[in-house]
Amino acid sequence: MSGFNTLAVHAGQHKDPYTGAVIPPIYQTSTFIQDGINVLRAGHEYSRGSNPTRDGFQTQLAALEGGAAGFSFASGIAAEDALLRAVLAPGDHIILGADGYGGTHRLISRLHRKWGITSSAVDITNLDAVRAAIRPNTALLWVETPSNPLLGIADLAGWAALAHEYGALLVVDNTFATPYLQRPLDFGAHAVVHSTTKYIGGHSDVLGGAVIVTDHLHRGESLAEAIGFQQFAGGAVSGPQDSYLAARGLKTLGLRMERHGCNAGVIAQWLTERPEVGRVLYPGLPDHPGHALAAAQQRGFGGILSLQLADEAAARAFAQSMEYFQLSVSLGGVESLVCYPREMTHASLIGTALEIPANLVRLSVGIEEPEDLLADLERGLAAARTAGGLAKLAAPAGRQQVAAAR
Ligand code: PLP
């Protein structure tokens, strides 16, 4: 079996036999000429059902995740929605990691609830709590690791063992880690979801999502058949241009993740030594509670970290005062971004038990030169100091908030 970077460059990427073009053409077409009624030339009929550019990307990503099949959608949320519709039925219950993307909580608690789906949020780091939350009608366990934005680490093998014991599906959102750092299917998960908008696309220029599945049979049907049919019948597919951009990004994923991880490691360590910072949440730091687990189940620690400043004023000032760390939602592009999750990506959790601490800021560390990023962070910390003072003195409050949010 070829290695990661070889598969990333070649899997699913069929060279053009007509011109010899090294890069497969973008099949920007809605329909395909038939050689007779229902006689399809290369298996393609209509691009909602299949399109060679989308197929190439799906094969490439499934190969990297070690899955039986992959399906690509118009966004990460569209991929999640398609997966849930394909495998659930009214009356089913979901166990959902409490620390996770706010949009996933919103999708389940606001949209799927209308169709008779219920869910319970659990601490992703506590397998006893996961077990205790399982009900007779629990059909699916959903976890994100590392989690967004608290960077918690879930024990993938432990979650998978519970899913198998209770006959439920385990779905892992692998957006933060990517298949380069972690392959959840190898630990027993049944499906992986991605926002390919993030590291897979890698350049903040495309929206997309994907589901990758094993050959597991669920309620008498293979997961691949169920999700393939949902993709075709529901229609939230990724278009040819978007599939091409995602496939192009995926070819360099391994190289980019190495660099993101190096930069994030340097920055995380540097931030721990700063008096303006109460706590740095990064699984690569030895004092992170999930450090040993992350070291065991991941190839590296990734490019996302969160930090807690003295208070809300300090966090807001920090987030709005840098040049290279641009204030923006999303993550995983080559450029560095800073986000205030409580009111940006996770605003839907305000007022719930899962709301994000007000002094927390998330960084998506890009591939720029580390010394330039540190100089930029120095500017951000100066603004935080002016607005909110030093956090080391005020740290206990922030720490308790994170403990509560976990
Ligand atoms: N999963 C995670 C971990 C995310 O961070 C996001 C978006 O931020 C999504 C899913 C949703 O993906 P999209 O924005 O592509 O719909």
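Modeller: What follows is a set of questions and answers on helices, single residues, peptide bonds and pockets in a predicted model.

Biologist: Why is Thr-178 called buried?

Modeller: Buried means under 20% relative accessible area. Thr-178 has 1% relative accessibility, so it counts as buried. Thr-178 is part of helix 7, residues 178-181. Leaving aside residues up to four places away in sequence, Thr-178 touches His-194, Tyr-199, Leu-253 and Met-257; a contact here is a pair of heavy atoms within 4.5 Å.

Biologist: What is said about the phi of Thr-178?

Modeller: The phi of Thr-178 is positive, about 70°, although Thr-178 is not a glycine. Most residues other than glycine have a negative phi.

Biologist: What makes Arg-259 partly exposed?

Modeller: Partly exposed is the range between the buried limit of 20% and the exposed limit of 50%. The relative accessible area of Arg-259 is 29%, and therefore Arg-259 is partly exposed. Arg-259 belongs to helix 10. Among residues beyond four places away in sequence, Arg-259 touches Ile-367, Glu-368, Glu-369 and Pro-370.

Biologist: How far is the C-alpha atom of Arg-259 from that of Tyr-180?

Modeller: The two C-alpha atoms are separated by 12 Å, while Arg-259 and Tyr-180 are 79 residues apart along the chain.

Biologist: What puts the buried residues of helix 13 on the same side?

Modeller: Those buried residues are Pro-370, Leu-373, Leu-374, Asp-376, Leu-377, Gly-380, Leu-381 and Ala-384. They cover an arc of only 160° around the axis, so they lie on the same side of helix 13. The face turned away from that buried side carries the exposed residues Glu-371 and Thr-386. The buried residues of helix 13 pack against helix 10, strand 12, strand 13, helix 12 and strand 16.

Biologist: What comes just after helix 13?

Modeller: Gly-389 comes there, with a positive phi of about 85°.

Biologist: What can be said of the span of helix 9?

Modeller: Helix 9, residues 240-251, has twelve residues and reaches 17 Å from first to last C-alpha, close to the 16 Å expected. Its buried residues include Pro-240, Leu-245, Ala-246 and Lys-251. The buried residues of helix 9 pack against helix 1, helix 2, strand 3 and helix 10.

Biologist: Is Leu-151 buried or exposed?

Modeller: The relative accessibility of Leu-151 is 1%, which is why Leu-151 counts as buried. Leu-151 lies in the loop between strand 6 and helix 6. Its phi is near 55°, a positive value in a residue other than glycine.

Biologist: How much space lies in the largest pocket, and which residues are closest to its centre?

Modeller: The largest pocket holds about 520 Å³ of space. Its lining has 23 residues, and the closest to the centre are Pro-25, Tyr-27, His-44, Pro-52 and Thr-53. Helix 2 and helix 9 are the elements that give two or more residues to this lining. Helix 2 gives the most, six residues. By class, the lining has eleven nonpolar, eight polar and four charged residues.

Biologist: What lines the second largest pocket?

Modeller: There are 25 lining residues, and Tyr-101, Asn-148, Ser-195, Lys-198 and Thr-345 lie nearest the centre of the second largest pocket. About 380 Å³ of space lies in this pocket. Helix 3 supplies the largest share of its lining, three residues. The lining of the second largest pocket divides into nine nonpolar, ten polar and six charged residues.

Methods: Residues numbered from 1 in each chain as written. Predicted model: local features only at pLDDT ≥ 70, side-chain atom pairs only at ≥ 80, totals over all residues. Heavy atoms only, no water. Helix = DSSP H or I, 4+ residues; strand = E, 2+ residues; numbered from the N terminus. Expected span 1.5 Å × (residues − 1). Buried < 20%, exposed > 50% of the residue type's maximum accessible area, 1.4 Å probe, protein only. 1 Å grid on protein atoms, 1.4 Å probe; cavity = no way out; pocket = protein on both sides within 12 Å on 5 of 7 lines; lining within 4 Å. Points joined across faces, edges and corners; volume = space filled by probe spheres on them. Nonpolar A, V, L, I, M, F, W, Y, C, P; charged D, E, K, R; others polar. Arc of directions from axis to C-beta.
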